[in-house]
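Hi there,

Here is the structure I promised to pass on. My notes on it follow below.

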Amino acid sequence: MLVALVLVVAGAIAFWPRQDTAPQAAPQAPVKTSLPACTTHPGPGPFDDKLTATCLADGAAVPVKQAFAGPALVNVWATWCGPCQDELPVLSQYAAEPGAIPVVTLAVESEPSTAIAMLTDLKVNLPSLFDRDGSVRRALKVPDSLPASYLIDASGEVHPVTDPRLFTSVEAVRKAVGR
């Protein structure tokens, strides 16, 4: 009798209807941030239209070609980079000046929530992208040491900023942009 009962229960379990797909994970709510939206501009920019990055302000995928359309100053940084923490507020101060060219930051090798927290703590108010898979970093040919800055001219050409390698004052940014 016991064997018959076990066989009936096992048969019922075997034929019980199942879901064909795994349950969907609950969607994550977007992180609240006061960062400015990542704007895009028509016109020539570096790279092709397929290269995208994530906007830290709203999580949207942004075409890098349009986000980096020149003239613009692009700064590549990471949350673990000490000099980046010193440079980002300088760039934010420069960008707030009348006549400044647009400044866009690109966070690499970091978690988006940590990057947002760092920018918030530093009171940096710049459009900020996140390079989830390293593709933008590779396209820019960013060196291993950070931070790294690039001037994008009006024709979309990329020029690494090497003098100075690290911006320590708004005047240094103005000088590099003016070259």
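Helices (H or I, at least four residues) and strands (E, at least two) are DSSP runs, numbered from the N terminus. Ala 139, for instance, sits in helix 5 (residues 135-140).

Please keep in mind that this is a predicted model: local features need pLDDT of at least 70, side-chain atom pairs count only at pLDDT 80 or more, and totals for chains, interfaces and linings use all residues. Residues are numbered from 1 along each chain as its sequence is written, and side-chain values use heavy atoms, with hydrogens and water left out.

The average pLDDT (the predictor's confidence in each residue, from 0 to 100) is 85, and 82% of the residues score at least 70. Over residues 18-30, pLDDT stays under 50.

Beyond four places in sequence, Ala 139 is in contact (heavy atoms within 4.5 Å) with Phe 47 and Leu 51. The C-alpha atoms of Ala 139 and Phe 47 are separated by 7.5 Å, although the two residues are 92 apart along the chain.

Also in helix 5 is Leu 140. Leaving out residues up to four places away in sequence, Leu 140 touches Phe 47, Phe 68, Val 74, Val 76, Leu 106, Tyr 150 and Val 158.

Lastly, helix 6 (residues 170-178) has buried residues Val 170, Ala 172, Val 173, Ala 176 and Val 177. On the other side of helix 6, Lys 175 and Gly 178 are exposed.

Best wishes

Key: Buried < 20%, exposed > 50% of the residue type's maximum accessible area, 1.4 Å probe, protein only.
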